[in-house]
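Visitor: Could you walk me through this structure?
Guide: Gladly; here it is to look at while we talk.

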Amino acid sequence: MADFLLAAATFVLAMVALGLVRILRGPTLADRVMAAQLLGSGGIATLLLIAAATDMPAAVDVALALALLAAFASAAFVNGIAGRDDPAATDRG
Amino acid sequence: MTVLWAFDAILAATVLAVAAWTIVARDTFAAVVGFVAYGLLLALVWVRLAAPDVAMTEAAIGGGVTGVLLLGAAARLRGMAPPPADERPGAALRLGAGVLCTAIAAALAATMFLLPDPAPTLAPEAAANLPATGVGNPITGVLMAYRALDTLLEKVVLVLALIGVWSLAPDPLWGGIPWPQHRVRADDALVFLARLLPPVGIVIGVYLLWAGADEPGGAFQGGALLAAMWLLAMMAGVAAAPAVSSRRLRLALVAGPAVFLAIGLAGWALADAFLAYPEAWAKPLIIVIEVALLLSIAVTLGLLVAGPPERSPPR
Amino acid sequence: MTLALNIFSVLAIVAGAIFFLAGTVGLLRFPDALTRLHALTKADNLGLGLVVLGLLPRVDWPLGALKLVVVWLLVLVAAATVSQLIARVAQRTGPAS
């Protein structure tokens, strides 16, 4: 069973790695942010599977923190893009 | 265990690929996205290296706080003109830098292969003395009991760094309000997120602090998570950035190091030495210090990202 | 009983992995940003949800199971909201950015 969970974790990680190609290619900024979002969700799934496979319950806590931080990072990116393109909402400097 | 090997191989390859791309990316924003992705992947690496405490810190700092810091820096640089041609580094300088970086990387790689095997370690002694400290997590034991002096000095360094950031403000704005005035549209989705996540984040941050006594976690991880939630609220305009001259803010900043220092000095009277805990009181004292540190770390990290004051304080 | 639970776990996790595959393929192959976003949310919601469902029989009850469900709910809400934000950005910046 542990082997199966590990194999599933490897598969999800491979999917995430493929999705990161989207960060490279773009072309729009939204694509890059989407790839980061996939990394967040895929990373969480991988962590949960690793936690069950290698008997490391602390990895679930890491996944919990990662869930919040992935959302926060995506919101920060979108905020950065919004400040960049919208001439009305400029920040100083 | 070939499945494990395949997992590690894919993880290592992905981390290297993302790192390489982050370095060569042309657009600053894209590079920051790559950097945050790199931080999140590193958290996975730390979990595979059986270091969940470090993984949490990496996710919180690398994924959250540093990402926003770099975005803010990129935003500030955007309006500036590129440096004139004669100020750009010449080919000789670039070559020299390349040679130096390669030499350092080669030295590090060589050191990895020359490490003594088995590695000299104090882990058995640390584990043997852990019950006396009252905590079950060896990382917390090292941070708060064995090497408490290092932790105290680190927190002081954080405050000093913040003072350094504040000193970048022009004189008339000293004591003002940081955080650029984002003309935030009534962006319902962002405001919704900023209203929903911080309460959950606060609960989870405090949980990480509490769990840090016996399981992976701790004050720094919880504090970094709380800082990220505060930054989210400030980004959406749900929370107003405080004036840095505010007394309550400054009290929150120094609470952690001050409590730590006070308990350390009390150790002279109650136990044998500075930062020694009396035998039966070790765990309660550690908890008190960690709670104070949680508050200070959260506020300090949040303000470090918010940056130097940009608007004058309200009268 | 354990055998049935194991089979349930395997099926749920395999289904979750399939949704991750679908989401990634969509992210790579769909023609424009908004359609890619649509594919991405399948991985976020269903992929992770099925993985969590498959792992539920394997963790100690109730705290472990509660943590897993909280992780999934957080990702669900956060991903949905962030998708709105990304969609707005994608619509505004357009294909040439």
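**Chain A and its neighbours**

Guide: In chain A, residues 24 or more positions apart account for 45% of the contacts with a separation of 6 or more, where two residues are in contact if their C-beta atoms, placed from the backbone, lie within 7 Å. This is a predicted model, in which local features need pLDDT of at least 70 and side-chain atom pairs count only at pLDDT 80 or more, while totals for chains, interfaces and linings use all residues. Residues are numbered from 1 along each chain as its sequence is written, and chains are lettered from A and ligands numbered from 1 in the order in which they are written.

Visitor: OK, how many helices and strands does chain A have?
Guide: Chain A has four helices and zero strands, with helices (H or I, at least four residues) and strands (E, at least two) taken as DSSP runs and numbered from the N terminus.

Visitor: And what share of chain A counts as buried?
Guide: Of its 93 residues, 73% count as buried; a residue is buried if 20 or more other C-beta atoms lie within 10 Å of its own, exposed if 12 or fewer, and partly exposed in between, with C-beta atoms placed from the backbone.

Visitor: How many residues of chain A are in contact with chain B?
Guide: There are 45 residues of chain A in contact with 53 residues of chain B. On the chain A side, α1 (2-19), α2 (21-25), α3 (29-53) and α4 (58-85) each supply at least two residues, and the largest share, 18 residues, comes from α4(A).

Visitor: What classes of residue are on that side of chain A?
Guide: The side of chain A that touches chain B has 32 nonpolar, eight polar and five charged residues. Here Ala, Val, Leu, Ile, Met, Phe, Trp, Tyr, Cys and Pro count as nonpolar, Asp, Glu, Lys and Arg as charged, and the others, Gly among them, as polar.

Visitor: Switching topic, how is chain B divided?
Guide: Chain B is divided into domain 1 (1-77) and domain 2 (136-315), with bounds that come from an automatic or database domain assignment. The C-alpha centres of these two domains of chain B lie 24 Å apart, and their contact takes 11 residues from domain 1 and 15 residues from domain 2.

Visitor: What about chain C, how many residues of chain B are in contact with it?
Guide: Seven residues of chain B are in contact with six residues of chain C, and the chain B side has seven nonpolar, no polar and no charged residues.

Visitor: Back inside chain B, at what angle do α7 and α10 cross?
Guide: The axes of α7 (residues 148-166) and α10 (residues 247-270) of chain B come within 10 Å and cross at roughly 150°; axes are lines fitted to C-alpha atoms, for helices over the stretch in contact, and angles run from 0 to 180 degrees between N-to-C directions. That makes α7(B) roughly antiparallel to α10(B), since angles under 35 degrees count as roughly parallel, over 145 as roughly antiparallel, 65 to 115 as roughly perpendicular and the rest as oblique. Among the residues making this contact are B:Leu152 and B:Val156 of α7(B) and B:Phe260 of α10(B).

Visitor: And how far apart are the axes of α9 and α11 of chain B?
Guide: The axes of α9 (residues 219-236) and α11 (residues 282-306) of chain B are 7 Å apart, and the two helices pack at an angle of about 40°, which means that α9(B) is oblique to α11(B).

Visitor: Last one: is B:Ser167 buried or exposed?
Guide: B:Ser167 counts as exposed because it has 9 C-beta neighbours inside 10 Å, and its place is in the loop between α7 and α8 (188-211) of chain B.
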